[in-house]
Amino acid sequence: GVSSAKQIGVKKTKPALIKVLKQSRDRASMRIQLREGKNRQIRRILAQLGHPVQRLKRTQIGPLNLRDLRPGQWRELEPKEIEQLHRAASLEITRSH
């Protein structure tokens, strides 16, 4: 489901999409999609809800899929990806005005 804006300190963030993928008695696996991220936001929200984060993996930034990259690894962007980033950035600018 979609959560409402969460209060982090004094700043609110845009709603996040949270989907529970697996759940057992003492742990859960979730997919969380942020529209706007703040430093350590996911860890803070889940800690406030009584669910401390044991492992966190970023799989995507905007239109860029990161699943094949290991921590600390990088790669050159393809021209198509640069175009997608420009398009995504211009949509965000349009929405905020």
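These notes go through the predicted model point by point.

1. Basis. Local features in this predicted model need pLDDT of at least 70 and side-chain atom pairs count only at pLDDT 80 or more, while totals for chains, interfaces and linings use all residues. Residues are numbered from 1 along each chain as its sequence is written, and side-chain values use heavy atoms, with hydrogens and water left out.

2. Layout. The chain holds two helices and six strands, in the order β-β-β-β-α-β-β-α from the N terminus. Helices (H or I, at least four residues) and strands (E, at least two) are DSSP runs, numbered from the N terminus.

3. Surface. The chain has an accessible surface of about 8600 Å², and 51% of this belongs to carbon and sulfur atoms. Areas come from the Shrake-Rupley method with a 1.4 Å probe; for residues, only the protein chains shown count as cover. Of the 97 residues, 11% are buried. Buried means under 20% relative accessible area, exposed over 50%, and partly exposed in between (1.4 Å probe, protein chains only).

4. Salt bridges. The whole structure contains three salt bridges, each a side-chain nitrogen of Lys or Arg within 4 Å of a carboxyl oxygen of Asp or Glu. Side chains of opposite charge can pair when their charged atoms come close. Glu81 pairs with Arg75, with closest N and O atoms 2.6 Å apart; Glu81 is buried at 13% relative accessibility, whereas Arg75 is partly exposed at 35%. Arg87 and Glu83 meet at 2.8 Å, N to O. Both lie in helix 2 (residues 79-96), four residues apart, about one turn of the helix. Lys38 pairs with Glu36 at 3.4 Å between the closest N and O atoms; Lys38 is partly exposed at 33%, and so is Glu36 at 26%.

5. Positive patch. Lys19, Arg31, Arg55, Lys57 and Arg67 form a positive surface patch. Patch residues have over 30% relative accessible area and no salt bridge; like charges are joined within 9 Å, and nonpolar side chains (Val, Leu, Ile, Met, Phe, Trp, Tyr) within 5 Å. Lys and Arg count as positive and Asp and Glu as negative, without His and the chain ends; the charge is placed at NZ of Lys, CZ of Arg, CG of Asp or CD of Glu. Arg55 is exposed at 69%.

6. Loops. Arg55 sits in the loop between helix 1 (41-48) and strand 5 (60-61), and Val53 is placed in the loop between helix 1 and strand 5. Val53 touches Ile42, Arg43 and Leu46, not counting residues up to four places away in sequence; contact means heavy atoms within 4.5 Å. Arg40, in the loop between strand 4 (28-33) and helix 1, has a positive phi of about 60° although it is not a glycine.
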